[in-house]
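Please look at the sequence and the structure shown here before reading on.

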Amino acid sequence: MKMEELLEVNDIYFLGRRLLEIDPLYKLMFSRTDNKFLILHNNQVVFSLNKDEINPSLILKVRQSRREYMNLLFKQIDEHNLKLQKCEDERISDDASLKLNYLLGIASHTSSELSNKDMIDLIS
């Protein structure tokens, strides 16, 4: 995309000025070619947005996307993944426990009547 196809925007919710407060290399531009708003950092597109996505919450998104927040973001992702893994481990453990109790109950009543194949079929 050529720079002459872009118009710098400074007045929508004062986003242009607020972006400069985060980092002087940010610019809010409008692309006449795509009819979209762009946030550039060091002349590289960081966000491409429709007009309905331009609002004050965009500043928070820009702040969260910055490199210094990446470690915090990765930590939050890791914590979430650990919670998911713990839930899955508990589900598997509960499922295995139910199947084992079921098998032990059957085995205590009819162990001589069940073959190994029958036991395997019950587990799966």
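## The chain as a whole

Of the 124 residues in the chain, 20% count as buried. The model is a predicted one, and everything described below should be read with that in mind.

The chain holds four helices and four strands, and, read from the N terminus, these elements follow the order β-α-β-β-β-α-α-α. Among the contacts in the chain with a separation of 6 or more, 36% are between residues 24 or more positions apart.

## The buried face of α1

Helix α1 covers residues 15-22, and the residues buried in α1 are L15, G16, L19 and I22. When α1 is viewed down its axis, these buried residues fall within an arc of 110 degrees, so they line one face of the helix.

## The buried face of α2

Helix α2, made of residues 57-65, has L58, I59 and V62 as buried residues. Seen down the axis of α2, its buried residues lie within an arc of 105 degrees, and they therefore line one face of the helix. These buried residues pack against α1, and also against the strands β2, β3 and β4, of which β4 spans residues 44-49.

## How α1 and α2 pack together

In general, two packed helices are described by the angle between their axes and the distance between the axes. For α1 and α2, the packing angle is about 25 degrees and the axes are 10 Å apart. Because angles under 35 degrees count as roughly parallel, α1 is described as roughly parallel to α2. The crossing in which α1 passes α2 is right-handed.

Which residues meet where these helices come into contact? On the side of α1 they are L15, R18, L19 and I22, and on the side of α2 they are L58, I59, V62 and R63. Sorted by type, the residues of this contact between α1 and α2 comprise six nonpolar, no polar and two charged.

## Two asparagines in loops

N35 is located in the loop that joins β2, residues 26-31, to β3, residues 36-41. Is N35 buried or exposed? With a relative accessibility of 55%, N35 counts as exposed, because the cut-off for that word is over 50%. Along the chain N35 and K51 are 16 residues apart, while their C-alpha atoms are separated by 8.5 Å.

N43 lies in the loop between β3 and β4, and, with a relative accessible area of 45%, N43 is partly exposed.

Most residues other than glycine have a negative phi. Against that background, N35 has a positive phi of about 60 degrees although it is not a glycine, and N43, which is not a glycine either, has a positive phi of about 65 degrees.

Terms used. Residues numbered from 1 in each chain as written. Predicted model: local features only at pLDDT ≥ 70, side-chain atom pairs only at ≥ 80, totals over all residues. Heavy atoms only, no water. Buried < 20%, exposed > 50% of the residue type's maximum accessible area, 1.4 Å probe, protein only. Arc of directions from axis to C-beta. Contact = heavy atoms within 4.5 Å. Axes fitted to C-alpha atoms, helices over the stretch in contact; angles between N-to-C directions. Parallel < 35°, antiparallel > 145°, perpendicular 65-115°, else oblique. Left-handed = near helix turned anticlockwise from the far one by under 90°. Nonpolar A, V, L, I, M, F, W, Y, C, P; charged D, E, K, R; others polar.
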